[in-house]
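Me: Hi! Could you walk me through this protein model with some questions and answers?

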Amino acid sequence: MSHTLPPLPYAYDALEPVISKQIMELHHQKHHQTYINNLNAALSAQVGATQSNDVPALISLQQKIKFNGGGHINHSLFWKNLTPPGTPGNDLASAAPSLKEAIVSRWGSEDAFKKAFGAALLGIQGSGWGWLISTSGPKGRLDITTTKDQDPVAADDVPIFGVDMWEHAYYLQYLNNKAGYVEGIWKIINWAEAEKRYTAGVENPVKL
């Protein structure tokens, strides 16, 4: 059994003008697919190394599984936490009342939260992700965190939504204007999906 590329829940051009069709096609069909291909290869090699009791090989495969498995997990979550601009799910107040209340309670206002989250995204050095998480399970304390490269959110925490800050997510369109990408992302956040994750958690996004 192997992992396969999940379909997008919208057309490739549906997130324009925030994210271009060209970026979405490359990001989904090429970058995400490559993580899946490499993950499947590493898992297959792991089976062989386990059967032959090749401990050095098993150890060397762990980083490949972590990096590519994390890339598969993070992107599978990312596609679902975006929605075309102007759709009902993009309105925080109506689509995510419980989450909005928790955000205001934690940061004082929606604007203050967005400012703090944007600062975290722009503070990432190199490649990584920014996340709004619910600590220790659904309806937990909200927090903003970042992960390096393709590291996923810690297993006990719920990723409410994440923003890919690798250059392949924005550079063809925004060039060095990383702040423009960060500002625009709010126009396509799927708050309905975020509300579901906050109240009920996240089902394993990469089941075989």
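This is a predicted model: local features need pLDDT of at least 70, side-chain atom pairs count only at pLDDT 80 or more; totals for chains, interfaces and linings use all residues.

Me: In what order do the elements of the chain run from the N terminus on?
Reply: Happy to start there! The chain has eight helices and three strands. Reading from the N terminus, the order is α-α-α-α-α-β-β-β-α-α-α.

Me: What radius of gyration does the chain have, and what would a compact globule have?
Reply: Along its principal axes, the C-alpha trace spans about 55 × 35 × 30 Å. For 208 residues, a compact globule would have a radius of gyration near 17 Å, and the value for the chain agrees with that: 18 Å.

Me: What share of the 208 residues count as buried?
Reply: A residue counts as buried when its relative accessible area is under 20%. Applied to the 208 residues of the chain, that cut-off gives a buried share of 45%.

Me: What share of the contacts with a separation of 6 or more comes from residues 24 or more positions apart?
Reply: A contact here means heavy atoms within 4.5 Å. Take the contacts in the chain with a separation of 6 or more, and then pick out those between residues 24 or more positions apart. Their share is 71%.

Me: How far apart do the centres of the positive and negative side chains lie?
Reply: Let's look at the two sets before the distance. The chain has 17 positive and 19 negative side chains. The distance between the centres of these sets is 1 Å.

Me: What is the strand content over residues 2-82, and what is it over residues 98-197?
Reply: UniProt, in an unreviewed entry, annotates residues 2-82 as "domain: Manganese/iron superoxide dismutase N-terminal". From an unreviewed entry too comes "domain: Manganese/iron superoxide dismutase C-terminal", placed at residues 98-197. Residues 2-82 are 70% helix and 0% strand. Residues 98-197 are 41% helix, and their strand content is 21%.

Me: Which residues does UniProt list for "binding site", and why can they be said to gather at one spot?
Reply: The unreviewed UniProt entry lists His27, His75, Asp164 and His168. They span 142 residues in sequence, yet they gather at one spot, because no two of their C-alpha atoms are more than 12.3 Å apart.

Me: Is Asp164 buried or exposed?
Reply: Asp164 sits in strand β3, residues 158-164. Beyond residues up to four places away in sequence, Asp164 touches His27, His75, Phe78, Gly128, Trp129, Ala169 and Tyr181. With a relative accessible area of 0%, Asp164 is buried.

Me: Which residues is Pro97 in contact with, leaving aside its neighbours within four places in sequence?
Reply: Pro97 belongs to helix α4, residues 97-107. Its relative accessible area of 45% makes Pro97 partly exposed. Leaving those neighbours aside, the contacts of Pro97 are Leu92 and Glu195.

Me: Which peptide bond is cis, with omega near 5 degrees?
Reply: Look at the segment before α1 (21-51), where Pro17 is found. The cis bond with omega near 5 degrees runs from Glu16 to Pro17.

Me: Asn53 and Asp149 are not glycines, so what phi does each have?
Reply: Asn53 is in the loop between α1 and α2 (55-80), and at 62% relative accessible area Asn53 is exposed. Asp149 lies in the loop between β2 (142-148) and β3, and at 27% relative accessibility Asp149 counts as partly exposed. Asn53 has a positive phi of about 55 degrees. For Asp149, phi is positive too, at about 55 degrees.

Me: How far apart in space are Arg141 and Ala102, C-alpha to C-alpha?
Reply: Arg141 is found in the loop between β1 (128-134) and β2, and at 53% relative accessibility Arg141 counts as exposed. Not counting residues up to four places away in sequence, Arg141 touches Arg106, Ile133, Ser134 and Thr135. Arg141 and Ala102 are 39 residues apart in sequence, and their C-alpha distance in space is 8.3 Å.

Note on methods: Residues are numbered from 1 along each chain as its sequence is written. Side-chain values use heavy atoms; hydrogens and water are left out. Helices (H or I, at least four residues) and strands (E, at least two) are DSSP runs, numbered from the N terminus. The radius of gyration is taken over C-alpha atoms; the globule rule is 2.2 Å times the number of residues to the power 0.38. Buried means under 20% relative accessible area, exposed over 50%, partly exposed in between (1.4 Å probe, protein chains only). Lys and Arg count as positive and Asp and Glu as negative; His and the chain ends are not counted. The place of a charge is taken as NZ of Lys, CZ of Arg, CG of Asp or CD of Glu. UniProt positions are given in the numbering used here, feature names are shortened, and annotations may be inferred rather than shown by experiment.
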